[in-house]
Amino acid sequence: MMTLKVSDRIQTIEEYTQEAQVSRGTIQNAFRFLKDNQAISLVSKGHLGTFIGDMDYQKLWNLTEIGILTGAMPLPYSVLYEGLATGLYKAAYDYGIETNIAYVSGSKTRIDLLKRGRYDYVITSKSTADAAIEDSEPVKICFAFGPKTYLSEHVLLLADKSKERIEDGMRVGLDPTSIDMELLTKYACAGRKVNYVTMPYNQIVNQIRANRIDAGIWNYDEIKEKQIPVAIRPIGNSAITKDASNAVVLVRENETGISNFLKAVIKRETVLNYQIAVMKNEIMPQY
């Protein structure tokens, strides 16, 4: 039932019997159980079939006995991320669902853990999600929160403050475990002959300040909040820079039920309201 929504037509008793390989009476008892527990209500429309009149995803979720809703997102090292984490946690709590959010660096790692069933959903940017889907990863976007919900923007960091852009011969930090960082770094370096230096993305700022690399891409929110003394340059406005700021909920490709459930539980407006409240210092982060 969690794969459906209100007004959807359900299958016939015979179809459910064949699909589940149980008796007709078992299917009828199952529907009776769901209706008695007010998890669903059904409306018969004669020859048109039977349709869902109402459904309670919380009760359906509890009946699955799956238990805790689990998700993963980046480490909340900026206020924007803290607001997003708070929104995800509070939205589930307000709905009455127990949830657990893990903080996992590297979008490729989060997607791999999602595919292996470690989490019900993961948070990435839209650009990361689109790249994964284009690369035939068995995932799909459940819904998006919108521009500047993942971060405000990425910027180019330069060790030499006299420079304005990437130049030939520069040593550029690159973390291949982060799809966004890889896409944006190569976008910023397009047309230039540079030397990519592989490193964890959380070391890029330190390596630039130590003059071990000449440039790298980073989250402007952290630079601004921590007032890190580095040269900052814009990397331009394009579809990729816009999509890299858009937070999305990513689920496994074949998980129709969890998609409907997440849309009911993690309401976009609720999450964004909490995120804004954290950013305005109206509430403390809770995650």
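What volume does the largest pocket have, and which residues line the largest pocket?

Author: This is a predicted model, in which local features need pLDDT of at least 70 and side-chain atom pairs count only at pLDDT 80 or more, while totals for chains, interfaces and linings use all residues. Residues are numbered from 1 along each chain as its sequence is written, and side-chain values use heavy atoms, with hydrogens and water left out.

The largest pocket has a volume of about 270 Å³. A pocket here is an open set of points on a 1 Å grid over the protein atoms alone, where a 1.4 Å probe fits and protein lies on both sides within 12 Å along at least five of seven lines; lining residues have an atom within 4 Å of a point. Grid points are joined across faces, edges and corners, and the volume is the space filled by probe spheres set on the points. Rolling a probe the size of a water molecule over the atoms shows where empty space is left.

The lining of the largest pocket consists of Met1, Thr3, Gln11, Tyr16, Glu19, Ala20, Ile27, Ala30, Phe31 and Leu34. Two elements, helix 1 (13-20) and helix 2 (24-36), each give two or more residues to this lining, and helix 2 supplies the largest share, namely four residues. Helices (H or I, at least four residues) and strands (E, at least two) are DSSP runs, numbered from the N terminus.

Among contacts (heavy atoms within 4.5 Å) between residues at least 6 apart in sequence, 73% join residues at least 24 apart.

Asn254, in the loop between strand 12 (247-252) and helix 11 (256-265), is exposed, with a relative accessible area of 65%, and its C-alpha atom is separated by 8.6 Å from that of Lys140, 114 residues apart along the chain. Gly236, in the loop between strand 11 (231-233) and helix 10 (239-243), is partly exposed, with a relative accessible area of 37%; not counting residues up to four places away in sequence, Gly236 touches Tyr187 and Thr241.

Terms used. Buried means under 20% relative accessible area, exposed over 50%, partly exposed in between (1.4 Å probe, protein chains only).
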